[in-house]
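Subject: Structure for your review

Dear colleague,

Please find below the structure that I am handing over to you. My notes on what was found in it follow directly after.

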Amino acid sequence: MDYSIETAPLETLECDCIIVGVYQDLQLSPAAAYLNGQTNGLIAAILGRGDISGKNGETVLLTTIPDSTIQRILLVGLGENQAMSNKLFIKALAAAVGGCKKPPIKSVVCCLAECAVDGADATWKTRQIIEVFSDAVYQYTHTKSDKTTESQLAAIRISAMADNAEAAQKGLAQGLAIAEGVGFAKNLADLPGNLCTPSYLADQAIRLGEQFAKLSTTVLEEADMHALGMGSLLSVSRGSRQPAKLIVMDYQGGEKNSKPIVLIGKGLTFDAGGISLKPGLGMDEMKYDMCGGAAVLGTLLAAARLNLPLNIVGMVPSSENMPDGDANKPGDIVTSMAGKTIEILNTDAEGRLILCDTLTYAERYHPDVVIDLATLTGACLVALGRIPSGLLGNDDELCNGLIAASETANDSVWRLPLWEEYQELLKSNFADMANIGGKDAGTITAACFLSRFAESFRWAHLDIAGTAWRTGPAKGATGRPVPLLSQYLLDRASQL
Ligand code: BES
Ligand code: MN
Ligand code: ZN
């Protein structure tokens, strides 16, 4: 898809469809008023007939415009004629793309950046248009014989006023980078577990590293991890025919000695549960257990595309979790790289086992902050559903920075407590800790486990079990939290 900023007046533009907003109570946006004038009052007549009331999210597609060179007009309801919230703007955008992705429309001019959105400038609005459009037209085809996509949309021109053009261009660059990162993560995540193995993920990371001078990839093999003493991580991959990989991507955009932001993503390419086997229903969705890893790669792609003046290290521990004669057994005790022993009471709590050694490995990068993202607990779905990602951490400034970024990016998080009192749930009679905390507070006890390996730096954990993919008829990866992390990095870059 080709996105561009358009500052030429509407009457000179040729395209398959012009998207304009209309408000409740028969009120027209400036672009709609202009087109209304060009079409002998057609839009006002349609509103007058009640074919669209102007409620946010409604659409009407006008497919022939009498006595005009305009091909089509898509009217999009925006709600009340006043500054709208971020969420309502995004809802209107989603409706807009929904209204033009099925008809044979290839090129559109979108005039929705002119509407007033609370606290948002042209940069943000432009960027959201790109993010929402590219999210909506994404279609997985890798393993389909028929690769034709439902949408024919090929070019989106975002209409901007001349005095906003610079801000819009900035939004274009951000939107393109973030949408590319999201798309990259979604593509990887939607691949089946037999194709997207730890080796495949590592190859993709190497290829990504080759695309940017400031980005380099190294992959630690099982022998390297063995030498480092990563007994916890390796105990998970021992039950799989696929060798584990620890992908490390180094982006050096900042000052030579500025401390890096470390992003760690769980890269379980398939989680069968191991000997503590998961039930069959819905188990296919455990191919998505590498969404954290995919989001780390996608975020680094966005950061490199934006040439951010930061140092960022992405780490993706990648493995399968399978039942096998050599797999972990309940009651087994392993020794982590940090030297702490872990009693594996449930082999399905494997994410924390691969993450803990990666957290310890991150220490050698002397990080400014460490953020891990993981499809870690089904309990997060019980607590928070599929709207926000769970956020836990040992540093308020970092957590608040992530909360602020999540609001800007419309990629929400909700913080859960990590109080000391929860730590005792991880007590083991036979090792330094157990890998599960019982049936209560599963998301918190998982984070408590990780926190024991994150004591030497500022750390936050995002549980993305409910947000990384959609289930049901629209099953598919979301690319979250690439928008949130990209925003966090943009915010950090702007604070330099
Ligand atoms: N990958 C799963 C978490 C998960 C489950 C994500 C369902 C999304 C949907 C993780 O490895 C896991 O199995 N966690 C266990 C932990 C439990 C054994 C303490 C869980 O959530 O059941
Ligand atoms: Mn599991
Ligand atoms: Zn898992």
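A polar backbone atom of Gly-378 lies 2.7 Å from an oxygen atom of ligand 1. Taken alone, ligand 1 exposes 510 Å², and the protein buries 79% of that area. Please note that this is a predicted model.

The side chain of Asp-348 places an N or O atom 2.7 Å from an oxygen atom of ligand 1. At Leu-376, a backbone N or O atom is 3.4 Å from a nitrogen atom of ligand 1.

I turn now to the charged pairs within the protein. Side chains of opposite charge can pair when their charged atoms come close. The structure holds 23 salt bridges. One of them joins Glu-150 to Lys-102, with 3.9 Å between the closest N and O atoms. Glu-150 belongs to the loop between α4 (122–137) and β7 (155–159), whereas Lys-102 belongs to the loop between α3 (86–100) and β6 (107–110); the pair therefore ties together parts that are 48 residues apart in sequence.

Finally, two points concern the backbone. Most residues other than glycine have a negative phi, and most peptide bonds are trans. Asn-40 is not a glycine, yet its phi is positive, at about 55°. This residue, Asn-40, is found in the loop between α1 (30–38) and α2 (42–49). The peptide bond from Arg-480 to Pro-481 is cis, its omega being near 0°. Pro-481 is located in the loop between β21 (476–477) and α14 (482–494).

Yours sincerely

How values were computed:
Residues are numbered from 1 along each chain as its sequence is written. Chains are lettered from A and ligands numbered from 1 in the order in which they are written. This is a predicted model: local features need pLDDT of at least 70, side-chain atom pairs count only at pLDDT 80 or more; totals for chains, interfaces and linings use all residues. Side-chain values use heavy atoms; hydrogens and water are left out. A polar contact is a pair of N or O atoms within 3.5 Å; within protein, one must be able to donate a hydrogen and the other to accept it, and residues adjacent in sequence count only if both atoms are side-chain atoms. Accessible areas come from the Shrake-Rupley method with a 1.4 Å probe; for residues, only the protein chains shown count as cover. A salt bridge is a side-chain nitrogen of Lys or Arg within 4 Å of a carboxyl oxygen of Asp or Glu. Helices (H or I, at least four residues) and strands (E, at least two) are DSSP runs, numbered from the N terminus.
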